[in-house]
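The following note comments on a structure for a reader who is new to such models. Please read the numbered points alongside the sequence and the three-dimensional view.

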Amino acid sequence: MNIELRNIHKWFGKVHANDDISLKITSGTIQGILGENGAGKSTLMKILSGFIHADSGEILLDGNLVKIKSPDDAIRLGIGMLHQDPLDFPPMRVIDNFLLGQHGGLFLNRTQVEKQIQELSQKFGFQINPDAYVETLTVGERQQLEILRLLWMGVRILILDEPTTGISANQKEKLFATLVTLAKQDLTVIFVSHKLEDVQGLCDRVAVFRQGKVAGELTPPYNTDEFIQLMFDKEIKIGAKTTACRPEPLLRLENIGIEDYRLRLRNINLTLYRGEILGLAGMEGSGQKLFLQMLAGIKRPVCGKIMINDVNYAGKRYENFLKAGISYIPASRMEEGLIPGLTLTEHFILSEEHNELLISQKEALNLTQSRINDFRIKGVPYSKVEQLSGGNQQRALLALMREKLNLILMEHPTRGLDIESSIWIWKKMKERCADCTSIVFISADLEEIIQYSDRILVFFGGMVSEPIDANTTSVDELGQLIGGIGW
Amino acid sequence: MFSKRVWLVVSMLLILALLLSACAKTGPAAGEKFTFGMLLIGPANDMGWSQAHYDGGLYVQEKLPGTEMIYLENVFQGPGGQVQTGAELATDMATNKGAKLVIFNSDDMKDNAIKFAQEHPDIYVIHASGDTAWKEGKNYIDLPNLKNIMGEMEYGKMIAGCAAALTTQTGKIGFLGPLINEETRRFAASAYLGAKYCWTEYLGKDPADLEFKVTWIGFWFNIPGTTLDPTQVADDFYNTGYDVVISSIDTTEALTEAKKFTADGKQVWAIPYDYAKACEGADDVCLGVEYFNWGPAYLAAIKSIQDGTWKSSFDLNGPDWSDINNPDTSAVGFNKGGALSEENSALIDKFIGELGSGLNLWTGPINLQDGTQYLADGVAATKQEIWYLPQLLEGMEGQSE
Amino acid sequence: MTVQEKSPQTTSLRSRINWLDLGLRVGAVIMALLITSLILLVANAQPLKAYWNIVLGAFSSTQKVSAVIASWVPLVLTTSGLLFTFTAGLWNIGMEGQVVVGSVFCVGAFRFLDQTGLDPWIVITIAFLAGALGGFLWAILPGVMRIYGGVNEIFGGLGLNFVAKALAIWLIFGPWKRPGVASMSGTEWIDPQFRLTYLPGTSLSPVIVVIALIGAIFVALMLKGTHFGLRLKAIGKNDRAAHLLGIPTTRYFLLAFGICGIFAGVAGSILVTSKQFSLIPDAGFGYGFLGLLVAMLVNYHPILSSIVAFFFAALSVGNVELQYMGLNSYLAGVLQGFLVLFVVMTNGVRQRLYKKG
């Protein structure tokens, strides 16, 4: 089905969320919608799927002017939206999930629906057991289920809003394959994302949104710089690797063993150099987190030595690690990193070492304001951290790090952030490295690991690889190691 | 911004307080009305010690027009008690209610009564059951505004002990005691003396066959979690063969339990304490009640204040032997209960008669619980020797201190 | 959706929530009054008259106002102490026991120093320090039990309350009993020279007011303006994150308990030296529990807590007036109980509204 949007406007109070948007999407294409958080992508999609109404503008489907007043309307017209959090009812079977959405008819026709599900599954290559309980499905499977359900309800235009958040690389691959199949069957797919690589790898056309407007449209072959130019209206250069302080060792691990109730890591030997960035790759739960927490002083090694300046830190308390200039930035920002209910200022006061009794409000405010500016946190000194967006929380978390540090430990430093934030955060980290601070980080994003690390450790089921030089490895090689091949 | 609001609230509260204290500063005009306050250790309707005092106050109000009683109950510190101490409450009565006399009704309030009397020399104080004003006593303090009043309950306890001894089938008498002090020791001992006398003289039995056991709960009445539970103690008595329980606490748990046991087919008896009408509704188990009659003494004290003849004194008022139940003359009485047999009733009358005509059970030989001699053969105890009895007596089972 | 538009939005949101807050709290107070009125009506009393009598009972004379202040002092101290533990996210249910043990230590010090002939003020000071030490030790216990034994401080505190009372009763009936007496009514009174002097015509010693004010101000300053207070707050809101930020959480937990205990011990010493003059089984007079109620009622706000403590003190003193009317003395307790109940309930409601908003 072809879609044409003409001069769509949408205001939220003073905010012009959609500013004269016109867009044509032809049947059988995968249309990417790329933009920073708050660029107006989601607003437009909600208008299209009937959740909100445009203040002005027209929507044409196959050349016919339509009015979409509710999500129901949208479905009837063949427009279905897959939300970030799939709207299903976990304690039910797959089949019941379908029956719930059935229109009209007092009686449920189970066998017929089951047959339809099977037909659709075959046609689009899904593998879902109709009798499985929804709660037993993975996030990726639930997405597939939701897509299937939308197709079964007759949807011809499928909108996906940030579908790759929270699913594994494997699941992402499957999803993309499905979407390609759908497009081949002449469905229209609208793929909303702030992730450059997703859009580049999948879409036939990409509309880039910026501040409520369509900043431009791109078609393959894509050029990353062009995208960034359109998204941010400025050039952001990904910094080059630095090796300024390399020769001097910071920390030496000798025959370290770590374990928890599931995993045993043994005989880890490693020398970490000043200013070095060490990336930790591996599937979730392969031991990289234990390793990081061992370095942070949170998880005590069961054997071996952690030598810093000829002092063995193994078995010392977290406070000692902190004093040694080691800073740990946890992945769960609101659970472990920040303190809900406290303001940014209060966080900055807490993060600094103070021996005096009274708080100097002025000094604290100045510090906070300068950090806010420095880290471009969208907030004011008295903003409570829970009022900030995810990206800003991450920036705040980074901003809490003390000035002089020897080692920064990070878990998923850019997870869930838009490209600008990610690039910007790494720029900040690079500055730290230039000051001879070392960084050890975990990421699920292999590109990120190769991009920024000097050396890489791969974890697999409790095994740790020898350090791999990031300059000579590839995503494929790492991917195989992560999957347990090549050990 | 916020602190401004706070100050607003504070200042409004203060202004309110000032206004109120300004407009309510009108005490009663002198000479018109005589207000006396009463601090009751328990509730005014406890069918025991406190109600006896409360009724004494009512008696004064009735006999002496122009007097008015104000009272506060549960004057003790603990669960269910007052947040303010007796001295604080008395101060409240005197300064805010115009009370010219405050009656502290418990031995427990001794310190507070003295403190209050010292701090308020212009207010008259009666402390019921203390010995502060007893010149010949051990604890004398010269306080012109303080008077002690007490009934000579030794006699009442003797009669109660006698009734118990006459009635018991098992020869085992339980004594449900409050806390341990000189007063409670001498009352328990008096009950034992009465029991022993009637057991041997009237029934002709061997004193060695009479068991007399005292269990103290720790206070004048039950305070859950702090004292022993008197209900439980009474049950234990009845379950272990003690078929008569003499209660010496302020409340009537023993009577209630006796009714329960008797209703279940096991005939037992109880003797309550303090309050003339305590037997009401328990005719099947109540052998009688030895009680205080505070009205006449309080009336006399207030009259003495009004006519200017008040003197600090230690008034130990005994029964009027011509009629121990005369409400206008007798400070201590004994009302027979429905469960007292006719035969025993006659013996009780006989016993009262003997006491009235000079029988003194506090005559030697009397040994203390630990076997030491207290009174030699034929020697009668002094008032002090009775009042300050240091131990229970030989033949009694139970803690002495 | 730029920065400039976002900040005014949040501020307007904040002020709106504050109004909501206030409304809910006032609503809770009205509900509590209504229910208590209902109970009064059932008991055949006129609610308005009863309330007015409470007001009269609390404020109608200098003596009464001073009595209110005298019972405000220990309450504001227990409440203030509890603000530390509440701020650190701890439920110090054992407060009552800590007051009792404070009294025990205080009385013990007097007994020990009774005959030394030292200057009374030195003895009193030592007794207060002993009381503070007693409260401190008794408060550290649930902290230690929680940190090293994994016993939730609520259960630890509850248990220790019983133990404290048992300790007091044991002393009263045992080693410290009056000669020849075994009564729960308490130990021998301390020597008059050790009793704090009252203002003429009142039962209020000015010294304790000074102590209470110092205590209340100390808490307000510590919690609002110091690194210590902020760290406690951080621990209370997210102890894991606070730990990662480098705050030694264990030490701060114990400190919070310890300081709270010191407040309890001082409150106990005040009760001994200016009210009871002896050790009684319920030496805490319920001030520990009442402090918990006050702290919850004001959502742990230091200045407000002093005011609400005053209100509660007025209730319990004014309550006497109801007894002259022949009404049950539990009424003030009923009103206090319902107040807290409804405030806690509205806290739940507010949280729901926050989530929806």
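1. Read along the sequence, chain C follows the pattern α-α-α-α-α-α-α-α-α-α-α-α-α. Chain C accordingly has 13 helices and zero strands; helices (H or I, at least four residues) and strands (E, at least two) are DSSP runs, numbered from the N terminus.

2. This is a predicted model, in which local features need pLDDT of at least 70 and side-chain atom pairs count only at pLDDT 80 or more, while totals for chains, interfaces and linings use all residues. Residues are numbered from 1 along each chain as its sequence is written, and chains are lettered from A and ligands numbered from 1 in the order in which they are written.

3. The dimensions of chain C deserve a remark. For 357 residues, a compact globule would have a radius of gyration near 21 Å, and the 22 Å of chain C agrees with this; the radius is taken over C-alpha atoms, and the globule rule is 2.2 Å times the number of residues to the power 0.38. The C-alpha trace of chain C spans about 80 × 55 × 35 Å along its principal axes.

4. Of the 357 residues in chain C, 53% are buried. A residue is buried if 20 or more other C-beta atoms lie within 10 Å of its own, exposed if 12 or fewer, and partly exposed in between, with C-beta atoms placed from the backbone. Among contacts in chain C with a separation of 6 or more, 78% are between residues 24 or more positions apart; two residues are in contact if their C-beta atoms, placed from the backbone, lie within 7 Å.

5. How do two helices of chain C meet, and at roughly what angle do their axes cross? The axes of α8 (residues 227-237) and α10 (residues 249-276) of chain C come within 10 Å and cross at roughly 105°. Axes are lines fitted to C-alpha atoms, for helices over the stretch in contact, and angles run from 0 to 180 degrees between N-to-C directions. α8(C) and α10(C) are therefore roughly perpendicular to each other, a term for angles of 65 to 115 degrees. C:Arg231, C:Leu232 and C:Ile235 of α8(C) make the contact with C:Thr249, C:Tyr252 and C:Ala256 of α10(C).

6. Chain B has eleven helices and 16 strands. With 401 residues, a compact globule would have a radius of gyration near 21 Å, and chain B, at 23 Å, agrees. Buried residues account for 54% of the 401 residues in chain B.

7. β10(B) and β11 (residues 288-292) of chain B run parallel and are joined by two bridges. B:Tyr291 in β11(B) is the bridge partner of B:Asp274.

8. Finally, chains B and C touch. The contact takes 40 residues from chain B and 34 residues from chain C. On the side of chain B that touches chain C, α1 (2-23), β2 (67-72) and α3 (86-96) of chain B each supply at least two residues. The largest share of that side, eight residues, comes from α1(B).

Methods:
Pairing = 2+ DSSP bridges. Parallel < 35°, antiparallel > 145°, perpendicular 65-115°, else oblique.
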